[in-house]
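Hi,

Here is the structure I promised to pass on. Have a look at it first, and then read on for what turned up.

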Amino acid sequence: MTLAEHTYKQFDAELESVRANVLKMGGLVEEQIQNAVEALIQGNVELARKVDANDAQVNSLEVAIDEECSSLVARRQPTASDLRMIMTVVKTITDLERIGDEAAKVARMAVSIHQSDRISLPRFNEVQYMAGLVLDMLRKALDSFARLDPSKAVEIGRADELVDEEFHLNLRHLITYMMEDPRTISVFIDILFVTKAIERMGDHAKNMSEYVVYMVKGKDVRHTSLEEIEKEVS
């Protein structure tokens, strides 16, 4: 094996290590969402506080992966697809960190909702449904990243539109409830913050799927229509 071949194989192994760490971070963020929503629905204040505390782990992973990417750029001076890979990783971990922040926000709202002296607690069917959609989007985005497969970007984009529709529908319902019974305003404002946090998670998952298109195809599809993305990945 020549020195060049050895260097290339070592660089390839380093890239795979970075990709593996991104998926590790993604798995932690996915768990954060699941636990935050469970804490909200079950009234599990202890679990909610655990989610809020574990956000520091997500932040630490982002910093570690970002430093690893900076080191790779400095040492290897990557070009073409390798450079796109590293750029995609940096953008992806930023969105994952923000999803983690939103999950922690849901957890804090869960504590607020269940610890306060409420007249009554609402059902969380709509929140659970939205969270299910977003978790599916996140899993598909991470799978696309792992497989270097941009084909799910359109499906994830359509799911994001559905999440947006659900948010606006829930917003109208919450406003109606608050107008009918002003005593519910406090709790329903908290629920509004929860649904907004979940809607933002969907936006970040959609961003991640678009980065995969850039990584594989070399085409930046941010701020483009789903039809244009579909043409690019077909």
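Let me start with a question: in which helix do Asp143 and Arg147 lie, and how many residues apart are they? They both sit in helix α4, four residues apart, or about one turn of the helix. (Helices are DSSP runs of H or I with at least four residues, strands are runs of E with at least two, and both are numbered from the N terminus.)

Before going further, some ground rules. This is a predicted model, where local features need pLDDT of at least 70 and side-chain atom pairs count only at pLDDT 80 or more, while totals for chains, interfaces and linings use all residues. Residues are numbered from 1 along each chain as its sequence is written, and side-chain values use heavy atoms, with hydrogens and water left out.

The side chains of Asp143 and Arg147 meet in a salt bridge, 2.8 Å from N to O. (A salt bridge here is a side-chain nitrogen of Lys or Arg within 4 Å of a carboxyl oxygen of Asp or Glu.) Asp143 is partly exposed at 32% relative accessibility, whereas Arg147 is exposed at 60%. Those words have cut-offs: buried is under 20% relative accessible area, exposed is over 50%, and partly exposed is in between, with a 1.4 Å probe and protein chains only.

By this rule there are 16 salt bridges. One of them joins Arg139 to Glu30, with the closest N and O atoms 2.7 Å apart. This one links distant parts of the chain, as Arg139 is in helix α4 and Glu30 in helix α1, 109 residues apart. Glu30 is buried, with a relative accessible area of 17%, while Arg139 is partly exposed at 36%. Then there is Arg222 with Asp220, where the closest N and O atoms are again 2.7 Å apart. Both partners are partly exposed: Arg222 at 34% and Asp220 at 39%. Salt bridges that share partners also join Asp136, Lys140, Lys152 and Glu155 into one network.

Glu14 counts as buried because its relative accessibility is 18%. Leaving aside neighbours within four places in sequence, Glu14 is in contact (heavy atoms within 4.5 Å) with Glu68, Leu72, Arg75 and Arg76.

Now for the inside. A nonpolar core means a set of buried Ala, Val, Leu, Ile, Met, Phe, Trp, Tyr and Cys residues joined through side-chain atoms within 4.5 Å. The largest one has 63 residues, and those with the most contacts inside it are Ile33, Ile65, Val89, Leu96, Leu138 and Ile198. Helices α1, α2 (45–76), α3 (80–115), α4 (125–147), α5 and α6 each supply at least two of its residues, and α3 gives the most, with 13. Not counting residues up to four places away in sequence, Ile198 touches Val106, Val127, Met130, Ala131, Val134 and Val163. Apart from this core lies another, of seven residues, including Val213, Leu226, Ile229 and Val233.

That brings us to helix α7 (residues 226–233), where Leu226, Ile229 and Val233 are buried. They lie on the same side of α7 because they cover an arc of only 60 degrees around the axis, taken from the directions from the helix axis to the C-beta atoms. Glu227 and Lys231, on the other side of α7, are exposed. The buried residues of α7 pack against α5 (153–180) and α6 (185–217).

Cheers
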